[in-house]
Structures are given as C-alpha cells and as structure tokens.
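Me: Please take a close look at the aromatic rings here. I would like to know how they pair up and what sits around them.

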Amino acid sequence: MITDKKSPYRLVTDQQLAQLRAREDAIFNDRTAKSKAAFEKAHENLLNGVPMPWMGDWGTEHPIFLERAKGDKCWDIDGNEYVDFCLGDTGAMFGHSPDATADTVAHQVRNGITTMMPTLDSLEIGKELSKRFGLPTWQVAMTATEANRYTIRNARALTGRPKIMVMQECYHGSLDETLPHINEEGKLALRTDYDSNPGLPKDQLTRVVEFNDLEAAERELSHMDCAAVLLEPVMTNCGMVLPAEGYLEGLRELCTKYGTYLIIDETHTLSNGYGGYTRAHGLEPDFITLGKSIAGGIPVAVYGFTKEITDKINETYGNAGVSDPMGIGGTLAANQFAIAAMKTTLEKVATEEAFRKMFRGQERLSDGLEAVLKKYDVPWSLTRSGARCELQFMPTLPKNGTEAKNNFDWQLMYYTHLYLSNRGIIITPFHNMMLVSPVTPDEDIDRLIQGWDDCIKELAEIGTYNR
Ligand SMILES: Cc1ncc(COP(=O)(O)O)c(C=O)c1O
C-alpha cells in the first residue's frame, strides 16, 4: 500500500522528487511499450490489469510483463534484460529455474502431478528437513501462508488457547491472526495508515508487541491465552530488523514459562543458512515454518515440530493427527510433483556451497553500498543478514517494526526502484531488500552497486530536504 509517509532523511523535496520521477517515467514508458499495451488490454478481464494485486505494486505506471527468467536474470516482453535481486521475494532464492529442479519437474510432470498418495520422495524430504533444521517431524502444505495457518491450528488445538502473539509490522502471509497492528494510541485495531483486513475483530485473535521488547512480550504472554508466538527471527517485511542480543533466547524462555509455543517462520530467513536462521544461531523453536524457495519456486511449504508435539498430537488426535475435520490439509498439498521438486532442490540446489556463495555475494554488495553512502555522505544505513541486505532511509538500524516504518518513504523508494529498473536492475518491491543468489556473478553485483551510486549521487547533489 503506497502512502505519503516521508523519511526525515529523504534528501529531496517533493518537487525535486517529482521532477526526477517524471524523467524516469518517460524513460520507462519508452522502453516498456509492449508491457504498457498488455497492461491496458489486461484491464478487460483482470482486476486492475493484473492476475494478483501485488503484481501491480511495483510503483511503476504499469507492471513489466515477464517473458522469461533464468539464473539471476529476467527478460520482459519488450526484450529488456534485468539483473534480478528480488528473485520473487525469495521464491527464486537460488536463481530462476535451477537446472536440477527444472529437470526433475520436466520428468515428474509426465509421471503424475497429484494423486493424494505419498511417494518415496517424501521420506527423503522428511529426513533432509530434520537433518537441516533439527526438528524430527514434518508436514507439507502448498504455501507458507498455509504452513503458518496449520501450525497455528495445531498450537490452538494442543493448548486450547485462542490467541496468537505476533510482532508489530510483521508479515506471515494473509492470515487473519497476523494482520492486526497496534495503532498510534497503542490500541490493537486498525493499522495507522490502512487496514489489511477491515471488519476483523482484532482483539479476539491476536496480541501484538514490538520486536525486541521482552517486557511487552512477558506482559502479553502472562494473560495465558496465547497458543503461540509467531515471528521471523529477523523481521524482513517492514524493512529489515535484526534481533537484539539475547532477544530470541529470552522469548524462548518466556514461551516455556507461559506454556506458549514458539513458531519460527523461516520463509525468508532461510537465506541465513542451510538450516535457516534457526540452525545458524542455535534457536530452539517448537515449530518451524517455511516455503517459497524450497522447491525452487514450485508452490510448496513445510512445517516441522518437536517430538513432544508429535507425541501430543498422536495422544490427542490419534493416528490421523490434527486432520481434515480440524481444517488441516488440502487435496493439492504434498502432491508428488511438488515433493519431487523439493527433494531435488534441497539435495542439489540449496546446498551448503550455494549458501557460501550467497553470503560472499551479499558481503560484496553490502561493502559496496556502504562505500556509496559514505562517499556521498548520505545518512542511510544498511542491514546485512545472510544472503540479503536492506538499504534503509535512516541513519541507524531500526530496533522494531514501528521504527522501521516511521522512516519508510514509499515515494522515494519507488523512485529509486524505477531508476534501477530503467538501468536493467530489479530489487524487491515494498522495500529496499536485495537478495544475492548463488548464481549471481560479481559483475552483476557491481552493476547494482553502480546503479545505486548513480542514483544516490544525483539525489545527494540536488537534494535540499532537511539539508
Ligand atoms: C515471512 C513470511 N512468511 C510467510 C509468507 C507467506 O508466503 P506465501 O505468500 O508463499 O504464502 C511470507 C510472504 O512473503 C513471508 O514473508
């Protein structure tokens, strides 16, 4: 949702930004005429000209229509080539259409796509996920949203408690429990700028606290009505917020103290390592959820849990587990096509070597971007986390979602993304997240650094906002 919120550190005035924007819009329209025509035509049958709302949220006058994508590159229908640092907002974390995954998919698509029967591949993925993430039992869903939903259902079923605690400005998919936010009066209600789910009774499903605030977490958990705390170990959907020293461990202790399950959503933070942030930092969650990239972008997600939970599910619900009558499962979930794609991706694509390459790439990128900020004396900061980094329009790293949001600047952000896209570079829409895949060559990383250098140089030279 685009708002007029301005970062105090935005460099340029509205008028200066509007002038730059007009120049870039003209360049964009010129080089994407076919996309523009497709967008106009699409309005005949698609709401707002796109098959899914986010596809219209790139901040450009029309979306770029994709022709194909491979490795770290995309090509649009006008024939423009882009280096891609968005990578489907992590869905294509290991590069677009990795050869090994593509070969498996091509074979499997001719040998059964969905049957509601398990295959031997599922044994392998269970073993592999347990090895990587340290939790013994796994289940498969279609999307990370679903994995979170089923995990929440299990947590509620096992605790008999109604509420879920989440972090202010979090995102875990379009789950009702995770959409409420604290407003400016400190009440759990509408978001300050918009309501992602109007009509929802906000206070019945959710408790919301700021990330990195153990006192608030204890205050809310002590009501003893939260089935689970659901969080990303690094917040990655409101800009990026790193956990303070000891915060995640402290939250673990509080969850144990108040009988609340700890769910770590690794959907994005898988980019922190072979076994996600959980393994890299020795976390001890009750549940882990993840999706998006684990089958190279083929829709599939998983959730894992402890032996204690496994036993409790079996004691309470018998061999069927918390099953269909409880609202868990789906006919397409765990289909053999997706399972085969996941097995190959885990075994051959998302390897330890791949993560090492991604981390090296991120360090190169982050070093380069920090040098650019220093060169032009721009008071912005850079968060590094695993294979990703985030350029934030504020001088210090945010400690929580509200701090990150208060320095958000949609207009400036979309201008910078448009600037980069006109120079053949794509980064994540919604914020300034850049993900380096294992197949991103150094020269493409350097191209992104140069793109930001040119963009920031101009902003710093002409900018008179608060300067
Ligand atoms: C942390 C996190 N969890 C879950 C989801 C939901 O993933 P999906 O859209 O694949 O359901 C997202 C999506 O961006 C996410 O960022």
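Reply: Start with charges. A charge sits over a ring if NZ of Lys or CZ of Arg is within 6 Å of the ring centre and within 35 degrees of the ring normal. Keep in mind that this is a predicted model.

Arg-423 meets that rule. Its charged end lies over the ring of Tyr-419, 3.5 Å from the ring centre. Arg-68 does likewise with Trp-75: here the charged end is 4.0 Å from the centre of the ring.

Now take rings with rings. Two rings pair if their centres lie within 6.5 Å. Planes under 30 degrees apart count as stacked, over 60 as edge-to-face, and the rest as tilted. By this rule there are 14 aromatic pairs.

One of them joins Phe-355 and Phe-359. Their ring centres are 6.2 Å apart and the planes meet at 50 degrees, so this pair is tilted. Both residues belong to helix H12, which covers residues 352-375. They are 4 residues apart, which means about one helical turn lies between them. Why does that spacing matter? An α-helix has 3.6 residues a turn, so residues three or four places apart point the same way. Phe-355 is buried, at 2% relative accessibility. Phe-359 is partly exposed, at 28%.

Next come Trp-410 and Tyr-414. The ring centres are 5.7 Å apart and the planes are at 45 degrees, so this pair is tilted too. Helix H14 (residues 410-422) holds both residues. Again they are 4 residues apart, about one helical turn. Trp-410 is buried, with 10% relative accessibility. Tyr-414 is buried as well, at 3%.

Some rings form a group. Ring pairs link Tyr-150, Tyr-261, Phe-287, Tyr-303 and Phe-305 into a cluster.

Phe-133 is among the buried residues of H4, along with Ile-125, Glu-128, Leu-129, Ser-130 and Arg-132. What covers them? The cover includes strand E11 (287-290), strand E12 (301-305) and H12. Strand E4 (137-141), helix H9 (276-280) and helix H11 (336-349) also take part.

H4 itself can be checked for length. It has 13 residues (121-133), so at 1.5 Å a residue it should span 18 Å. Its end C-alpha atoms are 18 Å apart, which agrees. After H4 comes Gly-134, with a positive phi near 80 degrees.

Notes
Residues are numbered from 1 along each chain as its sequence is written. This is a predicted model: local features need pLDDT of at least 70, side-chain atom pairs count only at pLDDT 80 or more; totals for chains, interfaces and linings use all residues. Side-chain values use heavy atoms; hydrogens and water are left out. Rings of Phe, Tyr and Trp (its six-membered ring) pair if their centres lie within 6.5 Å; planes under 30 degrees apart count as stacked, over 60 as edge-to-face and the rest as tilted. Helices (H or I, at least four residues) and strands (E, at least two) are DSSP runs, numbered from the N terminus. Buried means under 20% relative accessible area, exposed over 50%, partly exposed in between (1.4 Å probe, protein chains only). The expected span of a helix is 1.5 Å times one less than its number of residues. Contact means heavy atoms within 4.5 Å.
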